[in-house]
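I record here what I looked up in this structure, entry by entry. The sequence and model come first.

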Amino acid sequence: MRDLAFENAVYAIVVRIPRGKVATYGQIAAMLGNPWAARRVGQAMRYAPDDPALACHRVVNSSGRMAPGDIFGGAAVQRQRLLDEGVIFKVNGCIDLARSRWMFD
């Protein structure tokens, strides 16, 4: 069952992630006070409204990998959008989280 209040809390954080930065599912869960809710954050991303201000492509897993399947238009589209914003990738194709992770204010 969907939890709209939780989803809206996730979206309120995602909208704050600046261009050129990413946040992980677990990072967002921790910001919401429940570090064990990373999967719920991922589920919220699946239900995200189509809103240009809500840059869901900036949310990645803890390894810096792209979202699975066709979410955000597929991994190649998500990667290109992040590259266009200046997100830094490592040689292995994962995002360099040490350099591109959003350190929220």
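How many aromatic pairs does a search of the whole structure find? I found one aromatic pair, where rings of Phe, Tyr and Trp (its six-membered ring) pair if their centres lie within 6.5 Å, with planes under 30 degrees apart called stacked, over 60 edge-to-face and the rest tilted.

Basis of the entries. I note that this is a predicted model, in which local features need pLDDT of at least 70 and side-chain atom pairs count only at pLDDT 80 or more, while totals for chains, interfaces and linings use all residues. Residues are numbered from 1 along each chain as its sequence is written, and side-chain values use heavy atoms, with hydrogens and water left out.

Accessibility of the pair. I used relative accessible area (buried under 20%, exposed over 50%, partly exposed in between; 1.4 Å probe, protein chains only). W102 is buried at 5%, whereas F104 is partly exposed at 43%.

I counted four salt bridges in the structure, each a side-chain nitrogen of Lys or Arg within 4 Å of a carboxyl oxygen of Asp or Glu. One of them joins R2 to E7, with the closest N and O atoms 2.7 Å apart. R2 is partly exposed at 41% relative accessibility, but E7 is buried at 6%. R2 also sits over the face of Y47, 3.9 Å from the ring centre; the test asks for NZ of Lys or CZ of Arg within 6 Å of the ring centre and within 35 degrees of the ring normal. R40 likewise has two entries: a salt bridge with D3, closest N and O atoms 3.0 Å apart, and a place over the face of F6, 3.9 Å from the ring centre.

Cysteines. I found zero disulfides, taking a disulfide as a pair of cysteine sulfur atoms within 2.5 Å. C56 is buried at 6% relative accessibility, and C94 is buried at 5%.

Largest pocket. I noted about 240 Å³ of space in the largest pocket. Its lining has 14 residues, and P49, D50, L54, C56 and F72 are the closest to its centre.

How values were computed. 1 Å grid on protein atoms, 1.4 Å probe; cavity = no way out; pocket = protein on both sides within 12 Å on 5 of 7 lines; lining within 4 Å. Points joined across faces, edges and corners; volume = space filled by probe spheres on them.
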